[in-house]
Amino acid sequence: MSNTPDGMTPALAPSRMDRLLVELLRTRRTLALGTIDEAGAPAVSMAPWALDPAGPDLIILISALAAHTRQLMLHPHASVLVCAGEEAADSVHALPRATLQVEALHPKSGSDDARAALAIARHPAGEMLASLPDFSVVRLRVQAARQIAGFGAVRDVSAARLRELLRESDNSTT
């Protein structure tokens, strides 16, 4: 690929896989969160989430009482699975999904109002939860992604490419 006159590398045009990945991340509202517990064993839970408009980070609103909150404090590296509903494919092997390797960032108290608003906007029932003192916002900073768009349609996507795709999709809808 050649550089543009200003020395920048031109952006790649979104592929079919790119469009499917963006659609998956823009439409799904629940994720499976894989963490490591206090004994070093894997643990999986479900959480509602929102995509940060600056992308590709994920925003979750979680309770201090939840096991995954303690686990993310001890071991901030985690894995997230975002998956289409089972009706989206004839076979589980063809089910569109993305696994994201993330790092949990816990903002200082009081600094998460804008991110809480994102989570609440996507999940209106979250407004009541956000008002409770034991709930806080956690940013899941995406490190890498693995996309499966159907049987045999698999690829790795860097965090930088995912950010680019999400920004492009924002620009195409405005």
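Student: What percentage of the 174 residues in the protein is buried?

Tutor: This is a predicted model, in which local features need pLDDT of at least 70 and side-chain atom pairs count only at pLDDT 80 or more, while totals for chains, interfaces and linings use all residues. Residues are numbered from 1 along each chain as its sequence is written, and side-chain values use heavy atoms, with hydrogens and water left out. Buried means under 20% relative accessible area, exposed over 50%, and partly exposed in between (1.4 Å probe, protein chains only). By that cut-off the buried share of the 174 residues is 41%.

Student: Which residues of helix 2 are buried, and on which side do they lie?

Tutor: Helix 2 spans residues 67-74. On the other side of this helix, M73 and L74 are exposed. The buried residues are H68, T69, Q71 and L72.

Student: Which residue's side chain makes a polar contact of 2.5 Å with that of T35?

Tutor: T35 lies in strand 1, and strand 1 (30-36) is among the elements that cover the buried residues of helix 2. T35 has 3% relative accessibility and therefore counts as buried. Contact means heavy atoms within 4.5 Å, and the residues that T35 touches, not counting those up to four places away in sequence, include H68, Q71 and L72. A polar contact is a pair of N or O atoms within 3.5 Å; within protein, one must be able to donate a hydrogen and the other to accept it, and residues adjacent in sequence count only if both atoms are side-chain atoms; the partner of T35 at 2.5 Å is Q71.

Student: Which residues touch the most other members of the largest nonpolar core?

Tutor: A nonpolar core is a set of buried Ala, Val, Leu, Ile, Met, Phe, Trp, Tyr and Cys residues joined through side-chain atoms within 4.5 Å. Among the elements that give two or more residues to this core are helix 1 (16-27), strand 6 (135-150) and helix 5 (159-172). Of its 30 residues, those touching the most other members are L31, L58, I60, V80, L100 and L140.

Key:
Helices (H or I, at least four residues) and strands (E, at least two) are DSSP runs, numbered from the N terminus.
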